[in-house]
Amino acid sequence: MRFVDEFRDPGLITKAVEEIHRLAQPGRHYRIMEVCGGHTHAIYRFGLKDILPEDIELIHGPGCPVCVLPMGRIDDGLALAQKNGTIFAAFGDMMRVPGTHGSPFEHKARGTDVRIVYSPADALQIARKNPKRHVIFFAIGFETTAPSTALTLMHAKREAIRNFSVFCNHVTIVPAIRAILDSPDMRLDAFIGPGHVSTVIGCRPYEWIARAEGKPVVTSGFEPLDLLQSIVMLLRQLRAGEARVENQYKRVVPWEGNRAALKAMAEVFELRPHFEWRGLGFISQSALRIRKEYADWDSEQRFDVPETRVADPKAAQCGEVLKGVLKPAQCKLFGKECTPEHPIGALMVSSEGSCAAYYNYEYRKTASLVTEISSVA
Amino acid sequence: MPKVRFRDSQIEMAHGAGGKASRRLVEGLFAPLLYGSLQESLGDAARVEMNGTPIAMTTDSFVVKPLRFPGGSIGELAVNGTMNDLAVAGARGHSMVVTFVLEEGLPSSILEAEVRAMSNALRRAGVAMVGGDTKVVERGKADGMYITTAGIGIPLPDLHLNPRSVHPGDKVLLSGPIGDHGITILLARGDLELEADLRSDSRCVLPLVEALVQEAAPGVRWMRDPTRGGVATSLNELARDCGLGISLLEEEIPMRDAVRGACELLGLDPLHIANEGQFVAVVAPDFADLALHALNNAPGGEDARVIGEVRKEPANAVLVSTRYGGSRIVDMLAGDPLPRIC
């Protein structure tokens, strides 16, 4: 399969791993954060830890939109959906995420009309087909999915579809990276930059990380070879004492981003003064809300939202894991009270959360076994 | 009274998806109250003895939407599904009964088409339908129709299937490419604007099972048809039942490009996708070549492969490794596989 097989080629992968070994300075420990949840998922799914040198430590970043969404927002969205005749539409990613009174799927079992959609446009289509019912699209995601929500709102306004609104939870990646870097217990050497987000925002928004913080950033694709090449590029910079933003994912990411998508976002959204991130707390100017020109299609401006606040369970150490201070298995609840089936903390709810990815793909491997496999390969 | 451990407050779709929630329901509620006398783990079909004659017995319900899809339909599935459950339990289907739950307003032409599909499947499988029942429910209470079949079968000779007889070193065989059925259904629902040249793999696997048994019966230790929950779920159940680890080599798992592409796009693992015409078998190492040869030479078994082996570790789990040396655990799913979008 094109664009997949060549990036999983054992020969090329072996070469990249050799190059990483060659570039890593003996005795030095590298802490590299992959910002994006998609990368976290890929790293575990492809078992990259098995083939990387021990001194390359990958720290999982805050880039899983489902994980960082506070439970109160889910409660609010589901509360709006209780009004008679309302249809609650969301991506499959959201369906098992617990609110205080259960996940969207549990609400569905109790009678709420919950629909899985594959794009915001599908939710608008449901509204067109059910003119007597109100459809709430529960929007989540970073800049990756925000443009399609924006375009859908533009369509809704143009066609004057009144029975459709968006409960907007879109967040932006750069303030989250800043929050991580501002955290006092955080020591990172470099960043693997987000892939999908960068297709929209480009690479420029990361330049301050290199300039002001002196940390190299390489925007990366999601295949094993993409990630390994990105690590090679980061190690080369570190070895040369440089800090620049580079683009490994050129086949998809334009340096300047996608202007049409950015324009649609600017037309529909504005920054919220502050927004709560699960595990990280309030971060200013880190999320998007719908402009008042689109108020009629904004669930928050149109309806009374309960504005539920739910404190994260005290025992869960999501914040520490999210910032890379703790490894998933070092949390007291990991694998005991907190599992993908009964997630307590944020990072266990989505398969892209670092705890869920670790639990699903890594947790039950044994050290002896990993050696056995590498010797076969 | 036997102890009921099922604590979920209500039934959700996940309880029917064949993964962890299904297992919780079956083992926590049904098994202690209904299957109390059973000591063995629950397989695809039960074994009973009547006056000293062993028979295999099973039942299955079919609630597929849409009713027809490329490569098959609900009627055909209703026959093949039950035949396959008997086949992988090591039995040749003998006779079946059927129950139709029909929705008020269902066009007769649609019903007739499904009954014809069943009739053809019965003829191909060489099994007799010996009775049935019909119920009609109000409009909106069923997706056109639900079909339940039950079947009995006669055990094939010299075959002793038991997860506890599985040992480290045994080979894992797969009869053909995975994921065709699940992805075909996903695309046929039309919610995704994706198209692919793909058909359900719905078929009766008995001829393949018989070919395998004829050549390698003493070495065949366990079989399962990986329907809901896919190969990952079947092998996780085996790992748990035998207390060993199942180690697969990703590149050896046969799969069509369309299935792989759809899974890459939707963030699904093909090992979790449903099949309706494949089976997994664990075979003693000495018999593995014979078994593979037998499958490859039987019609429809050309793509069968050895996809991995049984190891001591990771105990109770399934590990998939790749040629470049990476590996991952593949668990059962909590419920239905859901596409990842954001």
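Two residues are taken to be in contact if their C-beta atoms, placed from the backbone, lie within 7 Å. The model is predicted: local features need pLDDT of at least 70 and side-chain atom pairs count only at pLDDT 80 or more, whereas totals for chains, interfaces and linings use all residues. Residues are numbered from 1 along each chain as its sequence is written, with chains lettered from A and ligands numbered from 1 in the order in which they are written.

In chain B, 84% of the contacts with a separation of 6 or more join residues 24 or more positions apart. Of the 342 residues in chain B, 51% are buried (20 or more other C-beta atoms within 10 Å of the residue's own, all placed from the backbone). The C-alpha trace of chain B spans about 60 × 55 × 50 Å along its principal axes.

In chain A, an open sheet of five strands is arranged in the order S2-S1-S7-S8-S9 with parallel pairing; strands (E, at least two residues) are DSSP runs numbered from the N terminus, and two of them pair if DSSP finds at least two bridges between them. Strand S2 (56-63) and strand S9 (245-247) of chain A form the edges, each pairing on one side only. Strand S1 (residues 30-36) of chain A is joined to S2(A) by six bridges in the parallel sense, and Met33(A) has Ile59(A) in S2(A) as its bridge partner.

Between the chains, 45 residues of chain A are in contact with 31 residues of chain B.

How values were computed
A residue is buried if 20 or more other C-beta atoms lie within 10 Å of its own, exposed if 12 or fewer, and partly exposed in between; C-beta atoms are placed from the backbone. Helices (H or I, at least four residues) and strands (E, at least two) are DSSP runs, numbered from the N terminus.
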